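Please keep the sequence and the model side by side while reading.

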Amino acid sequence: MIAGNNEKQRSQLWGVAMTGSSILIIVIAIFFGVRLFTSNPLEGTWINEDSGLIMKVQGSGSAILEWPDQAKEGGTKLQYHVDLKSKIFTLYQEEAGEIEEMDYDTSGEYGFAAETMEGTYDYSLEQGELTLTEREYGDQMVFVKE
């Protein structure tokens, strides 16, 4: 076997193996701990079963809203901000000077629908269900994670 009959050398190898595996476990725990507390819990695709609205929250600070009859057109793009401590989710349209060329509809019927989604919401997450509560009027929208 390794190190033959030399007990001292086997003991040193065992110590190196245990130290290496302990360091690896600590690094993995730190990675997942940091990811847990710094990641965006709202990121992903959410579906409102009442209206059929699909909200795709992306990690880049943008959200795409797709209405059921708009699926082929690419949706409407909004920006968002999440305050993790206060559990506040804010949707807003980009400033006119910031809009870049994109395949997303920001005018017409869907632009108006996006304007109705603009606002500040309190959010709660429970078992794959996102509840957005409008801060001003208290209206609620429930989304299910796809």
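Arg-10 is partly exposed, with a relative accessible area of 35%; partly exposed lies between buried (under 20%) and exposed (over 50%), using a 1.4 Å probe and protein chains only. This is a predicted model, in which local features need pLDDT of at least 70 and side-chain atom pairs count only at pLDDT 80 or more, while totals for chains, interfaces and linings use all residues. Residues are numbered from 1 along each chain as its sequence is written, and side-chain values use heavy atoms, without hydrogens or water.

**Salt bridges**

- The whole structure holds three salt bridges, each a side-chain nitrogen of Lys or Arg within 4 Å of a carboxyl oxygen of Asp or Glu.
- Arg-10 pairs with Glu-7 at 3.6 Å, N to O.
- About one helical turn separates these two, because they sit three residues apart in helix H1 (residues 7-38). Helices (H or I, at least four residues) and strands (E, at least two) are DSSP runs, numbered from the N terminus.
- Glu-7 is exposed, at 54% relative accessibility.
- Lys-56 and Glu-66 form a salt bridge at 3.4 Å, N to O.
- Lys-56 is in strand E2 (residues 54-57) and Glu-66 in strand E3 (residues 62-66), so this pair ties together parts ten residues apart in sequence.
- Glu-66 is buried, at 10% relative accessibility, whereas Lys-56 is partly exposed, at 29%.
- Arg-135 meets Asp-122 at 3.0 Å, N to O.
- That pair links distant parts of the chain, 13 residues apart: Arg-135 is in the loop between strand E7 (129-134) and strand E8 (140-145), and Asp-122 is in strand E6 (residues 119-126).
- Arg-135 is partly exposed, at 47% relative accessibility. Asp-122 is also partly exposed, at 28%.

**Helix H1**

- H1 has 32 residues and reaches 46 Å from its first C-alpha to its last. This is close to the expected 46 Å, which is 1.5 Å times one less than the number of residues.
- At the start of H1, a side-chain oxygen of Asn-6 comes within 3.2 Å of the backbone nitrogen of Lys-8.

**Nonpolar patch**

- Leu-24, Ile-28, Phe-31 and Phe-32 make a nonpolar surface patch of about 420 Å². Patch residues have over 30% relative accessible area and no salt bridge; nonpolar side chains (Val, Leu, Ile, Met, Phe, Trp, Tyr) are joined within 5 Å, like charges within 9 Å.
- Phe-32 lies in helix H1 and is partly exposed, at 48% relative accessibility.

Notes: A polar contact is a pair of N or O atoms within 3.5 Å; within protein, one must be able to donate a hydrogen and the other to accept it, and residues adjacent in sequence count only if both atoms are side-chain atoms. Accessible areas come from the Shrake-Rupley method with a 1.4 Å probe; for residues, only the protein chains shown count as cover.
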